[in-house]
Amino acid sequence: MQKKERTTYGLSDRYIGKLQKDILLNILIVLVFYGVFNVMFMQNEGYETTIRYALIVIFLVVGVAVIYSDVIRVRKNMAIYYELTDEALEFHTAKDEKRYPWKDFQAVVVNRNKIGMIYPYEFHTAQGTFTLHKRVADAEELIPAILERIRPYAQIDKEIPDIFQPREETWLKNAGRRI
């Protein structure tokens, strides 16, 4: 039975989980600031009549705004994914979709200046240059799948490790694995 090839790669579950935890941490930060401001103004005149209610309203508005912006950020990141089709690499975001046909790939090079990326590979196409999202899940599977499809069309940098290079299967190599 043949293993079905994976065609969709989203952002890592770990990163999405971190974004979701950030919502709780931001709520906690807003509550701590509310408590600090509440204690600071407790001794002032008018605390019981106006300051207390003003603080409640201000921090309620700030808290709702923070939660809303965090939820939007999580949704946007959950909508990011790459899809490998027979004709192209498709990059989907919450608002946009970019399509890079395999035949339009010209080169893949290592850019050592991309310090924050685990895999600093730039893909040069007729549409322009792009890099993979630094939080993509299973980049170790995605990169070889892309390289395999673009090999006939693009120059691939020699600095890209062999583990990402598609291997030629020969009967001799297969026999060596079986022994």
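This is a predicted model: local features need pLDDT of at least 70, side-chain atom pairs count only at pLDDT 80 or more; totals for chains, interfaces and linings use all residues.
Two strands count as paired if DSSP finds at least two bridges between them. The protein has four helices and eight strands in its secondary structure. Of its 179 residues, 34% count as buried.

**Overall layout**
- Read from the N terminus, the elements follow the order β-α-α-β-β-β-β-β-β-α-β-α.

- Strand E6 covers residues 121-125 and is joined to E7 by four bridges. E6 and E7 run antiparallel.
- Within this pair, Thr125 stands opposite Gly128 of E7.

**The E3-E4 hairpin**
- Strand E3 (residues 88-92) and strand E4 (residues 97-101) run antiparallel. Five bridges join them.
- A hairpin of four residues links E3 to E4.
- Across the pair, Leu89 stands opposite Tyr100 in E4.

- Asp157 sits in the loop between strand E8 (155-156) and helix H4 (171-178).
- Asp157 is buried, yet it has no salt bridge.
- The nearest side chain of opposite charge is that of Arg112, 7.3 Å away.
- The Asp157 side chain does reach a backbone atom: the nitrogen of Glu159, at 3.1 Å. The cut-off for a polar contact is 3.5 Å.

**A nonpolar surface patch**
- Leu25, Leu28, Val32, Val36 and Met40 make a nonpolar surface patch of about 460 Å².
- Leu28, one of these residues, is found in helix H1 (residues 13-41).
- Leu28 has a relative accessible area of 49%, so it counts as partly exposed. Exposed would need over 50%.
- Patch members need over 30% relative accessible area and no salt bridge. Leu28, at 49%, is over that area cut-off.

Methods:
Residues are numbered from 1 along each chain as its sequence is written. Side-chain values use heavy atoms; hydrogens and water are left out. Helices (H or I, at least four residues) and strands (E, at least two) are DSSP runs, numbered from the N terminus. Buried means under 20% relative accessible area, exposed over 50%, partly exposed in between (1.4 Å probe, protein chains only). Lys and Arg count as positive and Asp and Glu as negative; His and the chain ends are not counted. A salt bridge is a side-chain nitrogen of Lys or Arg within 4 Å of a carboxyl oxygen of Asp or Glu. A polar contact is a pair of N or O atoms within 3.5 Å; within protein, one must be able to donate a hydrogen and the other to accept it, and residues adjacent in sequence count only if both atoms are side-chain atoms. Patches are made of residues with over 30% relative accessible area and no salt bridge: like charges are joined within 9 Å, nonpolar side chains (Val, Leu, Ile, Met, Phe, Trp, Tyr) within 5 Å. Accessible areas come from the Shrake-Rupley method with a 1.4 Å probe; for residues, only the protein chains shown count as cover.
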